[in-house]
Amino acid sequence: MHLIQKSFKFSAAHCLPSLGDKNKCYNVHGHNYVVTVGVEGNELDQHGMVIDCAKITKAVKPIIEKLDHTNLNDHFYFKTTSENLSKWFYHQLSDIRPSWVEVAETDSIKARYWE
């Protein structure tokens with residue numbers, strides 16, 4: 001099995017009001033997010049690749065550009081946790097068939113989604 005992964009960065013704000021006003025994430029705050037897309041495969045193509053990284057970039061870049069420097073709560077109906085964002089990205093990228101998508105909001109907090 002082979003794995004290729006590519007990461008993308010964007011900055012955005014969000015809040016999690018369902019946590020209540022005693023939690024610091026209740027208030028609007030920002031993160032420098034890192035989205036990592038993993039694609040696995042048993043077979044390599046004629047170029048020796050699982051997938052051309054340019055295809056991953058072509059799929060992810062427009063999404064990142066739409067979200068960068070915005071308030072994520074303005075874009076989504078769901079709670080904007082890393083868990084929910086990783087699932088959302090995964091489904092947005094169905095054309096490239098990711099094995100998983102990881103969303104990191106800090107160096108030590110990240111969530112990964114796969115099916």
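User: Buried means under 20% relative accessible area, exposed over 50%, and partly exposed in between (1.4 Å probe, protein chains only). On that scale, is V39 buried or exposed, and with what relative accessible area?

Analyst: Happy to start there: this is a predicted model, in which local features need pLDDT of at least 70, side-chain atom pairs count only at pLDDT 80 or more, and totals for chains, interfaces and linings use all residues. Residues are numbered from 1 along each chain as its sequence is written, and side-chain values use heavy atoms, with hydrogens and water left out. V39 lies in strand β2, where helices (H or I, at least four residues) and strands (E, at least two) are DSSP runs numbered from the N terminus. V39 is buried because its relative accessible area is 5%.

User: What share of the residues in the protein is buried?

Analyst: The C-alpha atoms fill a box of roughly 55 × 25 × 25 Å along the principal axes. The protein has 115 residues, and the buried share of them is 39%.

User: What percentage of contacts between residues at least 6 apart in sequence joins residues at least 24 apart?

Analyst: Contact here means heavy atoms within 4.5 Å. Of the contacts in the protein between residues at least 6 apart in sequence, those joining residues at least 24 apart make up 62%.

User: Which residues does I56 contact, leaving aside its neighbours within four places in sequence?

Analyst: I56 belongs to the group with the most contacts inside the largest core. Apart from its neighbours within four places in sequence, the partners of I56 are I4, K6, F8, V37, V39, I51 and I96.

User: How far apart are the C-alpha atoms of F8 and P98?

Analyst: F8 sits in strand β1 and is buried, since its relative accessible area is 11%. Beyond neighbours within four places in sequence, F8 touches Y33, V34, V35, V37, I56, T57, V60 and I64. F8 and P98 are 90 residues apart along the chain, and their C-alpha atoms are separated by 14 Å.

User: At what angle do the axes of α1 and α2 cross?

Analyst: Axes are lines fitted to C-alpha atoms, for helices over the stretch in contact, with angles from 0 to 180 degrees between N-to-C directions. I63, I64 and L67 of α1 meet W88, F89 and Q92 of α2. The two axes come within 10 Å, and their crossing angle is roughly 135°.

User: Which word describes how α1 lies to α2?

Analyst: Angles under 35 degrees count as roughly parallel, over 145 as roughly antiparallel, 65 to 115 as roughly perpendicular, and the rest as oblique. The axes of α1 and α2 cross at roughly 135°. Therefore α1, relative to α2, is oblique.

User: Which elements are included in what covers the buried residues of α2?

Analyst: The buried residues of α2 are S82, L85, S86, W88, F89 and Y90. Their cover includes β1, β2, α1, β3 and β4 (110-113).

User: Which residues does F76 contact, leaving aside its neighbours within four places in sequence?

Analyst: F76 lies in the loop between α1 and α2, and it counts as buried because its relative accessibility is 11%. Setting aside neighbours within four places in sequence, the contacts of F76 are L67, L85 and W88.

User: Is H69 buried or exposed, and with what relative accessible area?

Analyst: H69 is placed in the loop between α1 and α2. Its phi is near 55°, a positive value in a residue other than glycine. H69 is exposed because its relative accessible area is 65%.

User: And what is the phi of R97?

Analyst: R97 is in the loop between α2 and β3 and is exposed, with a relative accessible area of 68%. R97 is a residue other than glycine with a positive phi, near 50°.

How values were computed:
Core = buried A, V, L, I, M, F, W, Y, C linked by side-chain atoms within 4.5 Å.
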